[in-house]
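Work through the exercises below with the sequence and the model side by side. Try each task before reading its solution.

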Amino acid sequence: MSGWKQFTAHLRKEFLLEWRSRDAINGMLFFSLLIAVVFSLAFDPTAAASRAIAGGIIWIAVLFGIVIALNQAWLRETRHNVLDAIRLAPAEPALLFLAKAVANFVFVTALELISTPVFVIFYNLHPLGESWKLLLLLPLATWALIVNGTFFAALSLRTRNRELLLPLILFPLSIPALLGAVQATTAILTGTDSPDLWMKMLLAYDVIYTVAGLLLFETVLSAE
Amino acid sequence: MKKLFYPWLALTIALAIYGFMQAWFIAPTEATMGNIQRIFYYHFAAGNLLCLFFFANFVASIGYLIVRRSNPTRAQKFDAFALANAEMGTVFCATVLVQGPLWARPVWGIWWTWDERLTSTLVLFLIYVAYLMVRRFAVAGQTQTLAAVLAIFGFLDVPIVYMSIRWWRTQHPAPVIFGGPNSGLDPRIWTAAFWNLGAWLAWGILLVGVRYYGLGREQARQQRQAAATREPAWEAAR
């Protein structure tokens, strides 16, 4: 099978499984809604304060949502020893990683498209900067968190305390990505700075970790 | 290797004593900060050495991944070396994070500020604590490979962390500006700083050596155990 066919086969499987159960999407959606409500109650911000803190809260909600979704993502493969079957198959492991990351990227983007308007309503957001740049920023920052998250979820799959370990690895390593995402979002919302530098940094981060993930995934998958 | 222990220990103690004398009696008292500045001799040493030991961890992790199939014996050595260096680097990192506030409180008037160097060091500390956590949580047999991969990911992150936090703080300048060790310092300050660097380097190498030796024995013990009880262990792992 050609590389493209392998990739689309994995991708199709991911979407089909998610469509049948809708576990990841529903879990993430409800969770980010809860974050929006809880933070709004806890801080009770004014309109100006909302603009300053909303960027941080949105990305924290996304990061927690990603952890929830990714803990489930690889767990499916361990039932009925699917992962061992995949390892035996004459297919490129890096493509499985790429398909898993792309599928989760789509799920999380869907989450953002639904939950961002909720945040806008709850926090009375009215962006003062160039809001069209959010459309560029969202995929860049989401991919940065997803590509690392998918990799580390695979890494922590066969460890004790799996659910605990993923955030323990993912949070420290994605601090630069989170910082970039929050700073760029805040810059767009308040309109005081330009988000361009942060978006370039996120792009570099995406490239570096996508390459590292593709190169090292086979090592993690067949770690014995 | 074992024969080296006592001579090296003696060298470390001698260097530590000489460095201590340099730092406390020979180097002049700093004009504005007073004696509190003397913590710099230890801070400088630990701050530089943590980079060295984390770099050694990175190199050893790559070495492990390269030879883990072709030469398992050497791979085990690389892994032991990587772990010993990561632990030593984390110790130095923690030291720096404790010394910094102790100095900053009387000089800056605050314990902590989100300055670029402070924040980068803290993030570095968090990354390597996560690395040590993975080593603890992973299932036996996979620990080494997973840890080596994570070490590479962690080290790749270091320049990104440093640059991003630098930009973050350039946009919003830190409340307190630190003059830093600028030129025109008394040369005795540098002499004391470098003797202490040497002393703590010797100490770090000593501890890494002891830990490496101990890990080697631990690996050998586990292999003997595994060989003795191969079948039941395989059943238990399922």
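**Exercise 1.** How many residues does the contact take from chain A and from chain B?

Solution. This is a predicted model, in which local features need pLDDT of at least 70, side-chain atom pairs count only at pLDDT 80 or more, and totals for chains, interfaces and linings use all residues. Residues are numbered from 1 along each chain as its sequence is written, while chains are lettered from A and ligands numbered from 1 in the order in which they are written.

Step 1. Two residues are in contact if their C-beta atoms, placed from the backbone, lie within 7 Å.
Step 2. The contact takes 26 residues from chain A and 27 residues from chain B.
Step 3. On the side of chain A that touches chain B, the elements giving two or more residues are helix 7, helix 8 (175-190) and helix 9 (196-221) of chain A. Helices are DSSP runs of H or I with at least four residues, strands are runs of E with at least two, and both are numbered from the N terminus.
Step 4. Helix 9 of chain A gives the most to this side, with eight residues.
Step 5. Sorted by class, the side of chain A that touches chain B has 17 nonpolar, five polar and four charged residues. Here Ala, Val, Leu, Ile, Met, Phe, Trp, Tyr, Cys and Pro count as nonpolar, Asp, Glu, Lys and Arg as charged, and the others, Gly among them, as polar.

**Exercise 2.** Describe the secondary structure and the overall dimensions of chain A.

Solution.
Step 1. Chain A has nine helices and zero strands.
Step 2. The C-alpha trace of chain A spans about 55 × 30 × 30 Å along its principal axes.
Step 3. Of the 224 residues in chain A, 42% are buried. A residue is buried if 20 or more other C-beta atoms lie within 10 Å of its own, exposed if 12 or fewer, and partly exposed in between, with C-beta atoms placed from the backbone.
Step 4. Among the contacts in chain A with a separation of 6 or more, 86% are between residues 24 or more positions apart.

**Exercise 3.** At what angle do helix 6 and helix 7 of chain A pack, and which residues meet?

Solution.
Step 1. Helix 6 (residues 134-155) and helix 7 (residues 162-173) of chain A pack at about 145°, with axes 9 Å apart. Axes are lines fitted to C-alpha atoms, for helices over the stretch in contact, and angles run from 0 to 180 degrees between N-to-C directions.
Step 2. A:Asn148, A:Gly149, A:Phe152 and A:Ala153 in helix 6 of chain A meet A:Leu166, A:Ile169, A:Leu170 and A:Leu173 in helix 7 of chain A.
Step 3. By class, this contact of helix 6 with helix 7 of chain A has six nonpolar, two polar and no charged residues.

**Exercise 4.** Where are A:Arg22 and A:Asn81 found, and are they buried or exposed?

Solution.
Step 1. A:Arg22 lies in the loop between helix 1 (3-21) and helix 2 (23-43) of chain A. A:Arg22 is not a glycine, yet has a positive phi of about 55°.
Step 2. With 12 other C-beta atoms within 10 Å, A:Arg22 is exposed.
Step 3. A:Asn81 is in the loop between helix 3 (47-78) and helix 4 (82-88) of chain A. A:Asn81 has a positive phi of about 55° although it is not a glycine.
Step 4. A:Asn81 is exposed, with 11 other C-beta atoms within 10 Å.
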